[in-house]
Every structure is written in structure tokens, then in C-alpha cells.
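Hi,

Here is the structure I promised to pass on, with my notes on it below. Have a look at it first, then read on.

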Amino acid sequence: TSIMGGFRIQICFDSDKVVVNNARTKFSNLFPKIDTYMNFEAPNFNLMVGDFRTQKEAEELVDQIRGRFPLGIIHKEQINLPRID
């Protein structure tokens, strides 16, 4: 997998992994082609979604999910090159 600089969106964090897993399932059902990533930073599990090359692409998804996932924070991160499928 190639890695490059880009953006991901944090849509949930909680110290309860069940809460974060539920959000992950909900998101994956809505956006099956967008990858999700969970990482643990004590005391919370963070759920990040997407591999966006530009901040504009990330902002477009934030607009789409705003009602369903109130937390939509864009982070500059190393991302995987988006899948072609």
C-alpha cells in the first residue's frame, strides 16, 4: 500500500469501544466504499474515516455526515492511496 500526506475525518471517540464500534458499523453501512480506522489513544478509542487527498474532499464528506455524526473533525494525516474500485 502506498502512503501519502492527506486527510482523515474523526467522527467519533469514546472510552467505550462498543460505542465506537457502533459508530463504525453505522458509518460503514452508509458509506461502504470509505475505509474506517480505529486507534486507541488512552483513554479513548478514535474512529477516523477516509483517505482524502485534499481538504476539500474531506469537507464534502463532513457536510454529508453532519446530521448523523456531529463530530466531524478533519485531521492532516498519512493516508493510504485511495482504492480504485
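Let me start with the core. Of the 17 residues in the largest nonpolar core, those that touch the most other members are Ile 9, Ile 11, Phe 27, Leu 61 and Ile 65. Such a core is a set of buried Ala, Val, Leu, Ile, Met, Phe, Trp, Tyr and Cys residues joined through side-chain atoms within 4.5 Å; buried means under 20% relative accessible area and exposed over 50%, with a 1.4 Å probe and protein chains only. Strand 1, helix 1, strand 3 and helix 2 each give two or more residues to this core.

A word on provenance: this is a predicted model, where local features need pLDDT of at least 70, side-chain atom pairs count only at pLDDT 80 or more, and totals for chains, interfaces and linings use all residues. Residues are numbered from 1 along each chain as its sequence is written, and side-chain values use heavy atoms, leaving out hydrogens and water.

Helix 1 covers residues 17-30; helices (H or I, at least four residues) and strands (E, at least two) are DSSP runs numbered from the N terminus. Its buried residues are Val 20, Ala 23 and Phe 27. They lie on the same side of helix 1, because they cover an arc of only 60° around the axis, taken from the directions from the helix axis to the C-beta atoms. Val 18, Asn 22 and Asn 29 are exposed on the other side.

Finally, a cis peptide bond joins Ala 42 and Pro 43, with omega about 5°. Pro 43 sits in the loop between strand 2 and strand 3.

Best wishes

Key
The expected span of a helix is 1.5 Å times one less than its number of residues.
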